[in-house]
Amino acid sequence: MADIFQRLVKNYGPIGQHRERAHGYYAFPRLEGEINSRMKFRGKEVIVWSLNNYLGLANHPEVRKIDAEASAQYGLAYPMGARMMSGNTTLHEQLERELAAFENKEDAILLNYGYQGIMSIIDAVCSRHDVIVYDAECHASIIDGLRMQLGHKFVYKHNDIADLEKQLQRATALVDKQGQGGILIISEGVFGMAGDQGKIKEIGDLKKKYEFRLLVDDAHGFGTLGKTGAGVGEEQNCQDAIDLYFSTFAKSMASIGAFLAGDRIIMDYIRYNIRSQIFCQKFTDAICCRQLKKIKNAPNNAGVKRKVVEQRIETAKRFKRKRI
Ligand SMILES: Cc1ncc(COP(=O)(O)O)c(C=O)c1O
């Protein structure tokens, strides 16, 4: 019989195999100083390209003040327990209401982390008879959510509406043949790797021809796209076509946690069936406080953000040109 651990130390995996050279440098670097586009690395000032702090809120003095006040008031443990048991508070519910209003949806559900949240949303929504059609460049958290699914999954070429339609036809034929199940399309609002927007409006328009529900992971669009920062649906004027609007707080909101927004009856179903949240300690009221503050300021930040993003793209282009 093989020892499981032996296999692990023989092959450390695609990134792990470079760990001796990379550790502490390309992988797990220790950045020091204030969270910013310039930080200290090994005693030197360096430019940081990979921060998620899209709007620069991580160190915003008002946000820091709220963090300090909320921590003093609630501590960093309150409340204890999963929300369904003993971990629900008025601040959680207030934040959900404000997120729903901000996204122009009936209701919202808080999630501890984006990664486990979206995996678990897919699990809660889809049965083994449902068919999922998803963009080839979806984030790892979506792919891992798909791995838990027993039903059929069809991938379409990145942002290729013609190919999506082909896969939708396959999915529709399969569901018709089964005589049960439905179709869920999954796309990102802004794709994390290439930075391009998902064609959400065009996908939504396909509802005139096909029957499906649409889940959009707008991790990178929330707070940065649209007039008020409500994300890709607002930017492309198609928020109503998005049945399940998801985002993490880990990017523009410079925090942890995530949320899902949609119709009240569906949110209620998910609230009572999303295993990663039911069997899990909820995030604290102190985190709720900082999120509430940022949601309130989001429309003001939305104007600033476009400038920041445009400047960053420009700098990246210049940097690339120089290297070439
Ligand atoms: C598109 C997308 N979805 C989900 C996540 C996971 O979010 P979190 O960091 O809150 O777990 C990320 C994070 O990188 C992401 O880019």
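Trainee: What should I know before I start?

Mentor: The model is predicted: local features need pLDDT of at least 70, side-chain atom pairs count only at pLDDT 80 or more, and totals for chains, interfaces and linings use all residues. Residues are numbered from 1 along each chain as its sequence is written.

Trainee: Which domains does the protein chain have?

Mentor: Domain bounds come from an automatic or database domain assignment. Here that assignment gives domain 1 (1-50) and domain 2 (61-298). Their centres, taken over C-alpha atoms, are 29 Å apart.

Trainee: How do I read a sheet?

Mentor: Strands of a sheet pair through backbone hydrogen bonds, either parallel or antiparallel. Strands (E, at least two residues) and helices (H or I, at least four) are DSSP runs, numbered from the N terminus. Two strands pair if DSSP finds at least two bridges between them. Strand β2 (residues 38-41) is joined to β3 by four bridges. R38 sits opposite I47 of β3.

Trainee: Which strands pair with β9?

Mentor: Strand β8 (residues 213-217) runs parallel to β9, with three bridges. L215 faces L244 in β9. Strand β10 (residues 258-262) pairs with β9 in the antiparallel sense, over four bridges. There, F246 has L260 as its bridge partner.

Trainee: Which way do the side chains of β9 point?

Mentor: In a regular strand the side chains alternate between the two faces of the sheet. In β9, L244, F246 and T248 point one way, and Y245 and S247 point the other way. Five of the five residues of β9 (residues 244-248) are buried. A residue is buried if 20 or more other C-beta atoms lie within 10 Å of its own, exposed if 12 or fewer, and partly exposed in between; C-beta atoms are placed from the backbone.

Trainee: Which residues of the largest nonpolar core touch the most other members?

Mentor: In soluble globular proteins, nonpolar side chains tend to be buried together. A nonpolar core is a set of buried Ala, Val, Leu, Ile, Met, Phe, Trp, Tyr and Cys residues joined through C-beta atoms within 7 Å. The largest one has 67 residues, and I121, V133, L184, F246, F259 and L260 touch the most other members. Helix α7 gives the largest share of this core, seven residues.

Trainee: Why is R42 classed as exposed, and why does N159 count as buried?

Mentor: R42 is exposed because it has 11 other C-beta atoms within 10 Å. N159 counts as buried because it has 20 C-beta neighbours inside 10 Å.
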